[in-house]
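This briefing treats one protein model by topic. Please read it alongside the sequence and the coordinates.

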Amino acid sequence: MNLLQPYLKSNKDRFVQELFNLLKIPSISADSSYAKDVYKAADFVADSLKTAGCDTVEICQTKGFPIVYGEKLIDPKLPTILVYGHYDVQPADPIELWDAPAFEPIIKKTELHPEGAIFARGACDDKGQMFMHVKALEFMTSTDQLPCNVKFMIEGEEEVGSENLADFVKNNTTKLKNDVILISDTGMIAKDTPSITTGLRGLSYVEVEVTGPNRDLHSGIYGGAVANPINVLAKMIATLHDENNHITIPGFYDKVEELSEEERAEMAKAPFSLEDYKDSLKINAVHGEKGYSTNERNSIRPTLDVNGIWGGYTGEGAKTVIASKAYAKISMRLVPNQDYEEITLLFKTHFENIAPKGVTVKVTPHHGGQGYVTPIDTVGYKAAAMAYKDTFGTAPIPQRGGGSIPIVALFEKELKSKTILMGFGLDSDAIHSPNEHFGLFNYFKGIETIPLFYKYFTELQS
Ligand code: BES
Ligand code: MN
Ligand code: MN
């Protein structure tokens with residue numbers, strides 16, 4: 001595209017500065033004490049869409065945080081791209097593990113990013129990646145090269161389950177009508193190995209509570225004579241995987257789609273070093289379901305993990321006590337065809353069934369969502385592949401992702417269009433962790449690749 005390189009070059013510093021201003025807003029959707037900041041981030045996004053050339057920008061109120069909608073419709077005969085992203089972020093804790101404050105963005109050089117990376121909560125997930133689309137739009141409108149219609153829908157509740165977005169989508173199918181949905185909220189294989197995410201896992205998230213005696217007890221007077229909820233919970237959790245690391249919940253695998261040997265062989269071609277993987281995490285062995293590779297375990301196979309467990313005394317020193325209650329938060333990553341509500345129910349039934357006498361068990365479901373897979377013989381995929389080929393010099397590799405963006409399955413159901421997941425993050429970006437960052441290389445590559453997607457998609461579609 002005309003002027004893409006020079007435009008990028010002469011505006012680089014400003015593109016970083018503007019993203020910094022967005023990153024400074026602690027828009028943590030999960031923590032109600034930051035509600036004001038979440039609204040502030042919505043205003044920021046709305047303003048930046050206006051500046052970037054949208055003709056209409058609306059802040060659509062919901063029962064929760066607003067959805068920012070913007071559009072620039074140039075010709076009804078041309079295709080329409082719907083861009084989705086989120087301006088909310090995960091909490092920053094544990095804050096003491098950040099090298100610099102999470103909401104005071106800085107650029108630091110790292111071994112992987114000698115040209116620098118932006119460190120801040122949301123730098124990659126998803127403010128940095130979402131903002132690439134805003135800047136790409138700015139480039140196209142200001143150089144008069146927007147080739148098609150565009151709609152933006154940027155939400156503030158992705159990290160808490162997108163509940164209100166689901167209603168918004170269902171109630172606004174005409175407004176949101178599009179030919180393809182474009183999202184940058186995933187990753188790619190490596191800096192020099194672009195990839196397109198062709199699948200996302202579904203999610204079932206539950207909280208369990210095990211109750212024993214009606215009050216905390218002296219662990220000497222009562223120890224050994226009544227069921228200890230923490231001991232019981234630990235044991236129950238331990239039975240959820242067998243010796244091959246298969247999940248033991250009856251019916252859990254019934255709908256899991258097994259990939260053919262050809263598909264698995266194709267997947268195995270993606271560049272991957274087990275040694276580097278272990279080294280990057282400082283572990284001496286990997287772990288997982290027998291019969292599957294690491295990349296299969298984290299993408300095409302369903303999993304079950306405890307995300308948090310608590311109960312009893314965890315303060316300083318020792319307190320001799322048998323707690324009345326023990327708790328855990330458990331996530332199950334699902335593959336397409338597994339229905340998350342059905343899996344939640346299977347979990348609940350099983351977990352209640354395995355509770356020994358002497359305790360009661362309560363299972364409370366949290367948010368969840370369905371998985372997603374997309375074929376690679378679509379116009380959208382081809383256009384994305386051509387765009388990457390131009391900017392990286394190499395064709396992208398299709399790759400199923402392990403994370404979840406539950407709303408994507410709903411987009412397909414309600415809006416009847418495919419989603420192209422053009423992620424520019426890296427696994428090492430530490431999203432949801434302390435010291436989250438996003439390489440300047442990745443940020444600029446995204447801004448450079450997106451307009452080419454618009455161009456090729458329009459060409460291929462018409
Ligand atoms: N952007 C992530 C999802 C993601 C990251 C997918 C990397 C693939 C690769 C998204 O913001 C996220 O964190 N999703 C949550 C689920 C949501 C319901 C809280 C997740 O995957 O845990
Ligand atoms: Mn995200
Ligand atoms: Mn996230």
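Two strands count as paired if DSSP finds at least two bridges between them; helices (H or I, at least four residues) and strands (E, at least two) are DSSP runs, numbered from the N terminus. The model is predicted, and local features need pLDDT of at least 70, side-chain atom pairs count only at pLDDT 80 or more, and totals for chains, interfaces and linings use all residues. Residues are numbered from 1 along each chain as its sequence is written, chains are lettered from A and ligands numbered from 1 in the order in which they are written, and side-chain values use heavy atoms, with hydrogens and water left out.

**Parallel pairing around S7**

- Three bridges join strand S7 (residues 180-183) to strand S17 (residues 419-421), and the two strands run parallel.
- Within this pairing, Leu182 has Ile420 in S17 as its bridge partner.
- S7 also pairs with strand S3 (residues 80-86), again in the parallel sense, over four bridges.
- Here Ile183 in S7 stands opposite Tyr84.
- In a regular strand the side chains alternate between the two faces of the sheet.
- Val180 and Leu182 point one way from S7, Ile181 and Ile183 point the other way, and all are buried; buried means under 20% relative accessible area, exposed over 50%, and partly exposed in between (1.4 Å probe, protein chains only).

**The four-stranded antiparallel sheet**

- S11 and S13 run antiparallel and are joined by eight bridges, and Thr303 has Arg333 in S13 as its bridge partner.
- Strand S9 (residues 202-211) pairs with strand S13 (residues 325-334) in the antiparallel sense over 10 bridges, and Val206 stands opposite Ile330 in S13.
- S9 is also joined to S14 by eight bridges, and these strands run antiparallel; Val210 stands opposite Val361 in S14.
- Strand S9 is largely enclosed by the rest of the structure, because 10 of its 10 residues are buried.
- Gly202, Ser204, Val206, Val208 and Val210 point to one side of S9, while Leu203, Tyr205, Glu207, Glu209 and Thr211 point the other way, and all are buried.

**The second largest pocket**

- The second largest pocket has a volume of about 470 Å³.
- Of the 20 residues that line this pocket, Tyr340, Gly369, Gln370, Pro406 and Leu410 are the closest to its centre.
- On a 1 Å grid over the protein atoms alone, a pocket is an open set of points with protein on both sides within 12 Å along at least five of seven lines, and lining residues have an atom within 4 Å of a point.
- Grid points are joined across faces, edges and corners, and a volume is the space filled by probe spheres set on the points.
- Helix H4 (163-171), strand S14 (360-369), strand S15 (372-373) and helix H11 (407-415) each supply at least two lining residues, and the largest share, five residues, comes from H11.
- By class, the lining has eight nonpolar, seven polar and five charged residues; Ala, Val, Leu, Ile, Met, Phe, Trp, Tyr, Cys and Pro count as nonpolar, Asp, Glu, Lys and Arg as charged, and the others, Gly among them, as polar.
- The pocket lies between domain 1 (4-200 + 371-461) and domain 2 (203-256 + 302-369), because both give residues to its lining; the domain bounds come from an automatic or database domain assignment.

**Backbone geometry in loops**

- Most residues other than glycine have a negative phi, and most peptide bonds are trans.
- The peptide bond from Asp93 to Pro94 is cis, with omega near 0°, and Pro94 lies in the loop between S3 and strand S4 (106-108).
- A cis peptide bond, with omega near -5°, also runs from Asp125 to Asp126; Asp126 is in the loop between strand S5 (117-119) and helix H3 (127-142).
- Asp144 has a positive phi near 60° and is placed in the loop between H3 and strand S6 (149-155); at 73% relative accessibility, Asp144 counts as exposed.
- Lys282 has a positive phi of about 55° although it is not a glycine, and it is found in the loop between helix H7 (274-281) and helix H8 (294-297).
- At 68% relative accessibility, Lys282 counts as exposed.

Definitions and conventions. On a 1 Å grid over the protein atoms alone, a cavity is a set of points where a 1.4 Å probe fits but cannot get out, and a pocket is an open set with protein on both sides within 12 Å along at least five of seven lines; lining residues have an atom within 4 Å of a point.
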